[in-house]
There are 2 protein chains.
Amino acid sequence: MNEIKIFCPATIANLNCGFDILGLCLEGIGDEMIIKKSAEKGIKITKITGANLPLETEKNVAGVAALALINYIAFKGDAIKHGFEIEIHKKIKAGSGIGSSSASAAGAVFGINELLGKPFSKHELVNFAMKGEVVASGSEHADNVAPCLLGGFTLVRGYNPLDVIRIDAPSELYAVVLHPNIEVKTSDARAVLHPMIPLKDAITQTGNLGGLIAGLYTNDYNLIGRSLKDVLIEPLRKHLIPNFDQVKNTALQNGALGSGISGAGPSIFALCKGQEIAEKVALAMSESYQNTGIEFDIHISKINPEGTKII
Amino acid sequence: MNEIKIFCPATIANLNCGFDILGLCLEGIGDEMIIKKSAEKGIKITKITGANLPLETEKNVAGVAALALINYIAFKGDAIKHGFEIEIHKKIKAGSGIGSSSASAAGAVFGINELLGKPFSKHELVNFAMKGEVVASGSEHADNVAPCLLGGFTLVRGYNPLDVIRIDAPSELYAVVLHPNIEVKTSDARAVLHPMIPLKDAITQTGNLGGLIAGLYTNDYNLIGRSLKDVLIEPLRKHLIPNFDQVKNTALQNGALGSGISGAGPSIFALCKGQEIAEKVALAMSESYQNTGIEFDIHISKINPEGTKII
């Protein structure tokens with residue numbers, strides 16, 4: 001196999017109570033990438049459509065993630081006799097808060113791993129994809145690349161060493177994502193956070209995270225709903241997203257289990273039980289956002305069990 | 001049924017990453033209580049053995065919990081035509097950190113509920129037992145009374161309203177508890193805590209709590225072990241317990257999955273996979289603690305699936 005075409009899905013990170021540790025994988029929304037073996041060694045980004053992103057390997061999320069992978073192999077003493085060319089066809093808008101950079105990072109390492117005969121598991125690939133995230137956000141984090149690669153829900157237990165737990169999504173769970181076409185810079189979203197938080201809020205948040213994990217393992221949609229709360233981050237970040245409270249409340253009033261900020265925003269997500277409720281919630285969220293005059297996209301998606309895959 | 005004898009087990013709360021929200025139920029270690037219907041209305045504590053505790057109903061944990069239950073029934077308009085007499089035979093030492101007060105509170109409400117023909121579920125009884133905890137610690141908390149009543153592991157997702165999730169323990173899981181015969185006042189254990197904590201530590205703790213819950217649902221002992229970490233509370237409280245680090249490290253070196261402070265201390269617990277390792281760990285912890293010259297008790301226990309029960 002000398003060439004591969006892959007689909008790298010969008011993801012929702014944080015999910016209210018799982019700041020920096022939890023994520024889920026979406027279906028239907030994602031980038032496509034084509035990765036080819038090339039005679040010239042190294043990594044070359046040959047084409048990018050759908051976004052204005054740098055072609056220089058070291059400045060591109062996919063390039064940096066790919067380099068992390070091939071440099072690791074070289075470090076282990078296994079010479080790769082060829083290089084790789086990467087085409088990126090972005091469908092996920094940059095800065096939308098549904099893992100645009102992560103999709104590129106995940107796709108690059110997934111595709112190269114396939115062309116090399118799968119020396120690494122998907123879990124192992126998360127380590128390399130994380131390196132790409134540094135280009136986009138300044139830090140190695142796995143809360144989008146892990147669900148993008150692995151599908152389902154993922155919990156990042158810790159980083160030393162990286163410990164990612166994949167959790168199957170309950171079969172009737174749907175995500176609705178409303179993406180307002182405004183920019184919330186990750187740096188701004190980080191700047192509003194407080195480095196110190198009340199212990200009592202941490203206890204509340206931890207209880208909800210535990211409840212959410214328990215709800216996922218027991219397919220308890222009510223428990224999932226009761227747990228989808230965020231007392232730490234949402235109160236600080238929601239002001240960056242016009243009409244956030246209104247859209248969230250609309251989602252809940254129309255039957256969503258929970259609703260919150262996707263990643264660092266500006267996308268607003270809702271989780272729902274069943275397609276019918278998801279469609280009703282999506283319609284209500286759309287109607288609610290039309291009042292703002294801000295352009296937006298809306299997606300309805302089951303939870304994607306597969307993650308990044310060959311197409 | 002006019003009289004009932006019950007067993008109310010000891011419990012371990014906090015469990016490293018689950019401060020104020022997580023607990024488990026022990027086997028073999030627990031108080032006994034005898035509860036009788038009496039002609040005189042109200043709650044009367046008639047006898048306490050094994051501890052120097054107040055007989056006045058309003059000053060006694062069991063009494064206050066029992067009053068909470070019968071007052072609720074009266075509030076709902078159902079007259080109880082008799083009262084209850086409570087005998088408490090303490091086996092769990094007060095201030096040991098394994099839920100001594102909780103056992104009394106749980107036992108009282110469990111026993112009265114049985115004599116009344118079970119108007120409440122065990123989950124509902126947690127609400128009343130919590131009221132007793134106020135006498136002992138100044139606050140309503142459920143992290144010991146919930147596992148004491150329900151058995152297994154319990155997660156307190158939140159309090160408004162009380163939301164307790166019971167989780168089965170993996171079948172080969174054993175707890176070892178070393179109780180140094182010293183007093184750590186709950187007020188002192190609370191005083192060393194900081195009301196504000198670093199956000200990054202909260203994220204680490206939440207990741208571990210998520211990992212522990214996932215490990216319990218999947219019987220993944222290694223994951224349970226990796227998750228039994230406490231970056232928030234143990235570093236502040238361990239100084240209150242002589243030789244804590246030494247005992248903990250001994251437990252881990254001898255194969256324990258994890259080890260930490262039971263409740264607010266001074267008891268030190270270890271969780272182990274299988275009886276053989278638990279016995280080895282208990283022996284090593286005992287040998288380690290003999291150097292201190294402090295008297296101690298040590299217990300080995302499976303996780304109790306039943307909680308408070310009739311005997």
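In the predicted model, strand β8(A) pairs with strand β8 of chain B, residues 196-198, in the antiparallel sense, and three bridges join the two strands. Within this pairing, A:I197 stands opposite B:I197 of β8(B).

The pairing of β8(A) with β8 of chain B accompanies a contact region in which 33 residues of chain A meet 33 residues of chain B. On the side of chain A that touches chain B, two or more residues come from each of β5 (153-159), β6 (162-167), β8 (196-198), α6 (199-218) and α7 (221-227). The greatest contribution to this side of chain A is that of α6(A), which supplies 14 residues. Classified by residue type, the side of chain A that touches chain B comprises 19 nonpolar, ten polar and four charged residues.

The largest nonpolar core contains 204 residues, among which A:V176 and B:V176 touch the most other members. When residues up to four places away in sequence are left out, the contacts of A:V176 are A:F269, A:A270, A:C272, A:A278, A:V281, A:A282, A:M285, A:I298 and A:I300.

In chain B, the loop between α2 (100-115) and α3 (122-137) holds B:S121. This residue, B:S121, is classed as exposed because 11 other C-beta atoms lie within 10 Å, and the exposed class extends to counts of 12 or fewer. A separation of 46 Å lies between the C-alpha atoms of B:S121 and B:N291, two residues that are 170 residues apart along the chain.

Notes:
Residues are numbered from 1 along each chain as its sequence is written. Chains are lettered from A and ligands numbered from 1 in the order in which they are written. This is a predicted model: local features need pLDDT of at least 70, side-chain atom pairs count only at pLDDT 80 or more; totals for chains, interfaces and linings use all residues. Two residues are in contact if their C-beta atoms, placed from the backbone, lie within 7 Å. Helices (H or I, at least four residues) and strands (E, at least two) are DSSP runs, numbered from the N terminus. Ala, Val, Leu, Ile, Met, Phe, Trp, Tyr, Cys and Pro count as nonpolar, Asp, Glu, Lys and Arg as charged, and the others, Gly among them, as polar. Two strands pair if DSSP finds at least two bridges between them. A nonpolar core is a set of buried Ala, Val, Leu, Ile, Met, Phe, Trp, Tyr and Cys residues joined through C-beta atoms within 7 Å. A residue is buried if 20 or more other C-beta atoms lie within 10 Å of its own, exposed if 12 or fewer, and partly exposed in between; C-beta atoms are placed from the backbone.
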